[in-house]
Amino acid sequence: MEGVDHLAHERNKSEFDVDAMKIVWAGSPHAFVVSDRISKLVASDPGFRKDNRSTLSRKELFKNTLRKAAYAWKTIIDLHLSEEEAAKLRFYVDEPAFTDVHWGMFIPAIKGQGTEEQQQKWLPLAYKMQIIGCYAQTELGHGSNVQGLETTATFDPQTDEFIIHSPTLTSSKWWPGGLGKVATHAIAYALLIVGGREQGVHGFIVQLRSLEDHSPLPGMTVGDIGMKFGNGAYNAMDNGVLRFDHVRIPRNQMLMRVSQVTCEGKYKQSDVPRQLVYGAMLYVRQTIVADASCALSRAVCIATRYSAVRRQFGSQNGGPETQVIDYKTQQSRLFPLLASAYAFRFVGEWLKWLYADVTQRLQANDFSTLPEAHACTAGLKSLTTTATAVKQIVSPSSSSRWSPSEEESLPVEDKSLEERLDGIEECRKLCGGHGYLCSSGLPELFAVYVPACTYEGENTVLLLQVARFLMKTVSQLGSSKKPVGTIAYMTRVEHLMQCRCGVQRGFAELSADLVEAAVAHCQLLVVSKFIEKLQQEIPGKGVKQQLEVLCNIYALFLLHKHQGDFLSTGCITPKHAALANDELRSLYSQVRPNAIALVDAFNYTDHYLGSILGCYDGNVYPKLYEAAWKDPLNESVVPDGYHQYIRPLLKQEIRTARL
């Protein structure tokens with residue numbers, strides 16, 4: 001029971017009001033109350049048990065996920081939960097499932113791209129889950145390049161129908177969650193063909209399966225694409241494959257809020273501006289940024305608590321060994337991640353506000369902030385998911401080694417490389433060997449989260465979009481159009497426009513450097529929004545002071561990590577770089593007594609964390625020992641296969657054994 005006493009002692013060190021910090025993390029007192037109540041509701045219900053997930057076979061795992069989704073829906077109905085409470089319940093159930101795509105993409109797509117009539121017809125069915133939807137965009141051969149999708153939707157004026165067809169193997173829809181075994185309907189994206197003319201990619205509501213016996217409808221070839229990375233993890237989701245064989249759907253099942261096809265076969269734009277279709281994309285990407293802070297904070301909570309429990313070396317005169325968290329090497333790796341979790345939380349809050357603001361403007365036909373909002377959501381989605389899940393490699397000279405998408409083969413640049421933080425994986429390594437156990441929660445957390453780096457825009461492709469936005473802004477610096485909002489800082493670099501440069505074209509040639517510029521811009525966004533948060537009124541003893549420490553750690557760590565760039569461009573001197581490193585060590589010392597309280601402020605239940613190493617009471621070792629004996633391999637003392645394989649080896653009878 002040593003761990004219990006130890007973490008209690010750590011909590012007593014706290015120099016700030018933890019309950020007040022919980023409200024800051026949640027976003028508001030109301031959000032905290034809802035989140036706290038629903039998380040405890042889920043944690044206390046054995047119907048949502050998940051500790052055995054990594055030992056289940058794929059079929060068992062998937063069936064158990066179906067049960068949980070149905071049980072969650074029953075709970076929502078029985079308790080008359082609001083939409084906000086229902087969303088929180090699905091979040092804390094913490095199981096990748098078809099419901100994620102149904103609520104997160106299928107419904108928003110209809111709301112954003114469907115006409116009022118289409119919304120009135122389809123949304124009530126979707127809200128009651130009388131139909132279950134998926135989002136069928138990505139194909140076997142195309143993902144990020146949406147305009148390259150090969151699935152076709154050809155209008156037949158004789159029958160007033162669209163003919164949906166997959167002309168090639170690579171046009172098979174591939175990856176949509178919920179498609180493989182569950183979804184009854186899909187928002188399928190296809191190249192519209194009217195009167196022999198291609199009119200670009202559009203969305204269509206297509207029924208996939210019978211609502212009576214769930215069998216695929218004629219012309220549909222549909223199934224699951226197979227096992228994915230990791231134990232449990234996204235294998236709970238039925239990511240699917242779908243091929244259409246001249247499937248006919250009524251004309252009114254094309255999403256026609258922006259573009260329409262008449263019964264006479266005429267294609268026309270509606271009075272609704274085309275820019276409105278970006279609303280759903282912005283919504284999804286801003287939720288991904290929020291999810292990054294959740295995933296990273298989970299990993300940091302586990303690593304921080306275990307670092308306080310674990311003792312290694314340093315014993316003197318028979319006394320206890322040193323807590324791992326007291327080693328400066330551990331602090332220099334862990335505390336920047338803790339600061340990042342808070343930084344991503346606050347920039348996620350701002351992005352939520354930005355989405356609401358740009359949506360309101362779009363409704364009023366004001367598109368002035370749309371390019372900025374697109375760049376912010378794209379760039380921050382890329383930055384936060386990369387920092388949370390992926391080991392990205394960059395060179396000190398600012399050239400980058402690309403992470404190839406499945407669609408494009410991108411060039412490998414400078415071979416002299418330097419690692420960046422890799423969030424969840426770094427937290428696993430901070431937990432030593434025990435972090436490799438599934439019971440640590442970290443391997444599955446990584447496997448669940450890492451797809452975020454690819455879906456809704458491959459991260460390098462998104463950074464190139466940000467770079468184009470920045471280059472357009474730079475090109476306008478000499479004009480009367482002044483940069484505002486998140487790019488207002490560029491007014492301070494107008495002197496650059498006076499410098500002569502022979503480059504007129506060649507975006508692709510400089511793309512590696514431009515990606516780095518886009519990352520720097522996004523990092524500036526994160527830091528600036530953290531600072532803006534600190535300028536607000538933040539109640540609670542010592543809360544603002546602790547947040548200031550974390551903000552300084554986040555900013556100075558970036559400066560320290562990329563000091564080569566800062567030094568080479570003359571932004572800082574070597575003395576400044578040394579001072580930043582000294583200040584970081586001082587800041588780590590200020591975080592140390594508050595580390596456990598700072599992760600307690602996330603207010604995660606042991607159920608949601610899903611980690612023995614990160615359990616609230618710190619009673620790690622007895623729980624690890626107990627969990628080991630629950631593994632199916634320990635159901636028998638003598639393993640299955642002993643008589644066939646082990647005994648012949650031991651008895652030197654391998655030649656006569658029946659193998």
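Let's start with Gly177, which is buried at a relative accessible area of 9%; buried means under 20%, exposed over 50%, and partly exposed in between, with a 1.4 Å probe and protein chains only. A quick word on the model: it is predicted, so local features need pLDDT of at least 70 and side-chain atom pairs count only at pLDDT 80 or more, while totals for chains, interfaces and linings use all residues. Residues are numbered from 1 along each chain as its sequence is written, and side-chain values use heavy atoms, with hydrogens and water left out.

So, what is Gly177 in contact with, leaving aside neighbours within four places in sequence? With Val101, Cys134, Met237, Asp238 and Asn239, where contact means heavy atoms within 4.5 Å.

Gly177 sits in the loop between E4 and strand E5 (185-194); strands here are DSSP runs of E, at least two residues, and helices are runs of H or I, at least four, numbered from the N terminus.

An unreviewed UniProt entry annotates Thr138 and Gly177 as "binding site"; such annotations may be inferred rather than shown by experiment. The two are spread over 40 residues of sequence, yet they cluster in space, with a largest C-alpha distance of 10.7 Å. Thr138 is in the loop between strand E1 (133-136) and strand E2 (152-156), and it counts as partly exposed because its relative accessibility is 24%.

Back to E4, friends. An open, antiparallel sheet of three strands runs in the order E4-E8-E7, where strands pair if DSSP finds at least two bridges between them. Two bridges join E4 to E8 (residues 240-244), and Trp174 stands opposite Val241 in E8.
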